[in-house]
Amino acid sequence: MTISPERLVYLDNAATSWPKPPEVAAAMADFMERTGANPGRSGHRLSIESARIVFETRQLVAQFFNAPDPQRVVFGLNVTEALNLALHGLLRPGEHVITSGMEHNSMMRPLRLLEEQGVEVTVVHCSQQGCLDPGEVEAAIQANTVLLAINHASNVTGTILPVGEVGRIARAHNLLLLTDEAQTAGAYPVDMQADHIDLLAFTGHKSLYGPMGTGGLIIGERVDIQRMRPLKQGGTGSRSERETQPEFAPDRYESGTPNAVGLAGLAASIRWLQTRGIEQIRSHEVALCQHLLEGLSALPGVTVYGPLDAEYQTAIASFTINHMLPSEVGLRLDDEFGILCRVGLHCAPSAHRTLGTFPDGTLRFGLGAFNTHDDVDMALHAIRQLAGEKTA
Ligand SMILES: Cc1ncc(COP(=O)(O)O)c(C=O)c1O
């Protein structure tokens, strides 16, 4: 089947953004054609150029999130790998970690495995809109608590969690704060220092508009690198005379040849975001999202979940249609209207339990910088039509 992108309305930006700015593919093609070499391994000019591109991306990422030190930007495959690095690297049996009831399985699955290994896990429940009360986080702190670990925005409802306030609580109790920035990085201002974030996990392929296979963990200065174990060991191109892992970042955590072509693309996407302005993208998405939320909420038979105010969430609308399964609606949106979205549990069963939408889940429209008012109108038209159908 040949698909013409012109007739598609892509509303799955919360899963991955698409399209990407043309600069991203251009930078990747340029890397493949003109650089290509392994960064930090050999001493020749192409290897040096490749290492320069990787380092420049590190600097751009550090600057973008106001991180204190580019050398503590650790690149990896995605936010999942970054969360695993932070959680498995830091937590030891007998220690306690606090998380929220709106987390993705990229947070919950490593935590549940660590729980089996003797780590104590407290899940602070959120309201039905997905809101987290920082007072309840503070009340859950125990003598053995070492880490607060939450996402900055839910991938199910878009609800923005109070990261700055939780960060202040972490500081006051001498704890570390780990944030999952999968849904916020590039879509909402994230300031590692102002928000008191000690470990910031990000993915390149969503609102940073970079390629898949890029992401990482930014490690703040309060984190003891010697205490935080790497997930893997191997070649780093540094300290090659030794058979043990380097003790310094980023090498301690970056074994194996990196995704340099992906990082070239990520650098281009961050530059594009800086030029376009994250505030400008945010206000575009807030306007579209508000239109979408109001339009969906006005349709008989449609239930919309979350704060229902675009200012308090990322550009997501999660909803159900009374008499229809989300999976069935998703297929029909694709087949009959060319509208692409995500249905089901969105890898976040605990968030759906919080909303009361477990186990069928919801339909999720995820808007991005390239969506238009017309896209939203087409989506509203399709849902009006489907929700208006009579049940048999
Ligand atoms: C909140 C949240 N955390 C983690 C992830 C996992 O992202 P990735 O697949 O890029 O690791 C996602 C992606 O859907 C997400 O939305």
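Trainee: Which residues is Ile278 in contact with, leaving aside its neighbours within four places in sequence?

Mentor: Ile278 is in contact with Phe64, Gly186, Ala187, Tyr188, Pro189 and Leu273; contact means heavy atoms within 4.5 Å. This is a predicted model, in which local features need pLDDT of at least 70 and side-chain atom pairs count only at pLDDT 80 or more, while totals for chains, interfaces and linings use all residues. Residues are numbered from 1 along each chain as its sequence is written, and side-chain values use heavy atoms, with hydrogens and water left out.

Trainee: Is Ile278 buried or exposed?

Mentor: Ile278 counts as buried because its relative accessibility is 15%. Buried means under 20% relative accessible area, exposed over 50%, and partly exposed in between, with a 1.4 Å probe and protein chains only.

Trainee: And which helix does Ile278 lie in?

Mentor: Ile278 belongs to helix 8. Helices are DSSP runs of H or I with at least four residues, strands are runs of E with at least two, and both are numbered from the N terminus.

Trainee: Which domains does the chain have?

Mentor: The assignment gives domain 1 (5-20 + 277-391) and domain 2 (22-275); such bounds come from an automatic or database domain assignment. The C-alpha centres of domain 1 and domain 2 are 27 Å apart. Across the boundary, 34 residues of domain 1 are in contact with 36 residues of domain 2.

Trainee: Which residues touch the most other members of the largest nonpolar core?

Mentor: They are Val61, Phe65, Leu148, Phe202 and Ile218, in a core of 53 residues. A nonpolar core is a set of buried Ala, Val, Leu, Ile, Met, Phe, Trp, Tyr and Cys residues joined through side-chain atoms within 4.5 Å. Helix 7 gives the most to this core, namely eight residues. Both domain 1 and domain 2 supply at least three residues to this core.

Trainee: What does Ile218 touch, not counting residues up to four places away in sequence?

Mentor: Among the residues that Ile218 touches are Val61, Phe65, Arg72, Asp198 and Phe202. Apart from this core lies another, of 32 residues, including Ala310 and Leu367.

Trainee: How far is an oxygen atom of the ligand from an N or O atom in the side chain of Thr203?

Mentor: That distance is 2.7 Å for Thr203. For the side chain of His104, a ligand oxygen atom is 3.5 Å from an N or O atom.

Note on methods. Polar contact = N/O pair within 3.5 Å; in protein donor to acceptor, adjacent residues only side chain to side chain.
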